[in-house]
Amino acid sequence: MGRALAVSKVQIIKQSVNNLSVSFKQEADAITNSVDMMLKKHQPTEIDTVLVDGLEKRVNDVIAQIPKINQLEKNLEIQEEDAELNVLKNNMLKAVSNLRTYVKTGNQKIRDKVGSIPDAAKVLTERQYQDEMSFVLRH
């Protein structure tokens, strides 16, 4: 009875890792969509890479647990190393890597686009407007 319960718990843990992998992929897709939407704007702003860094940290935290899950399976004599977990690990790492590349490329396209906008057509941010107005008022 105890072994069956332990095996069941390991299966629940593996399903949780799978669910997290799906969530990470959805988050990566959302960030990718943000880059795409930003590129469609007249005056886009770069996507902050802290979003990718945060996702990467969470992915690495989950991946760090995979050897422990494998050890549980080994102790329960289920299998030495779980191929399914390795596939999930590789998928998560690939998603983060692809996302980082996509954001980097997207930010470069954004810089190129902003650089090609004539100065007269650029919209000032609130901070830029305040800086220019304070300069004008002081002189």
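Of the contacts (heavy atoms within 4.5 Å) in the protein chain between residues at least 6 apart in sequence, 81% join residues at least 24 apart. The model is predicted: local features need pLDDT of at least 70 and side-chain atom pairs count only at pLDDT 80 or more, while totals for chains, interfaces and linings use all residues. Residues are numbered from 1 along each chain as its sequence is written, and side-chain values use heavy atoms, leaving out hydrogens and water.

**Overall make-up**
- The protein chain has five helices and zero strands, in the order α-α-α-α-α from the N terminus; helices (H or I, at least four residues) and strands (E, at least two) are DSSP runs, numbered from the N terminus.
- Buried residues (under 20% relative accessible area, with exposed over 50% and partly exposed in between; 1.4 Å probe, protein chains only) make up 24% of the 139 residues.
- The accessible surface (Shrake-Rupley method, 1.4 Å probe; for residues, only the protein chains shown count as cover) is about 9,500 Å², and 57% of that surface belongs to carbon and sulfur atoms.

**Helix α1**
- Helix α1 has 39 residues and spans 57 Å from its first C-alpha to its last, close to the expected 57 Å at 1.5 Å a residue; the expected span is 1.5 Å times one less than the number of residues.
- Buried residues of α1 include V10, K14, V17, S21 and F24.
- The buried residues of α1 pack against α2 (50-63), α3 (66-75) and α4.

**α1 with α2**
- The axes of α1 and α2 lie 11 Å apart at an angle of about 170°; axes are lines fitted to C-alpha atoms, for helices over the stretch in contact, and angles run from 0 to 180 degrees between N-to-C directions.
- The two helices, α1 and α2, are therefore roughly antiparallel (over 145 degrees; under 35 is roughly parallel, 65 to 115 roughly perpendicular, the rest oblique).
- On the α1 side the contact is made by V17, L20, F24, E27, A28 and I31, and on the α2 side by L51, L55, R58, V59 and V62.
- These residues divide into nine nonpolar, no polar and two charged; Ala, Val, Leu, Ile, Met, Phe, Trp, Tyr, Cys and Pro count as nonpolar, Asp, Glu, Lys and Arg as charged, and the others, Gly among them, as polar.

**α1 with α4**
- The axes of α1 (residues 2-40) and α4 (residues 83-116) come within 10 Å and cross at roughly 10°, so α1 and α4 are roughly parallel.
- The residues of this contact comprise 14 nonpolar, four polar and six charged.

**Loop residue E77**
- E77 lies in the loop between α3 and α4 and is exposed, with a relative accessible area of 68%.
- Phi of E77 is near 60°, a positive value in a residue other than glycine.
- Most residues other than glycine have a negative phi.
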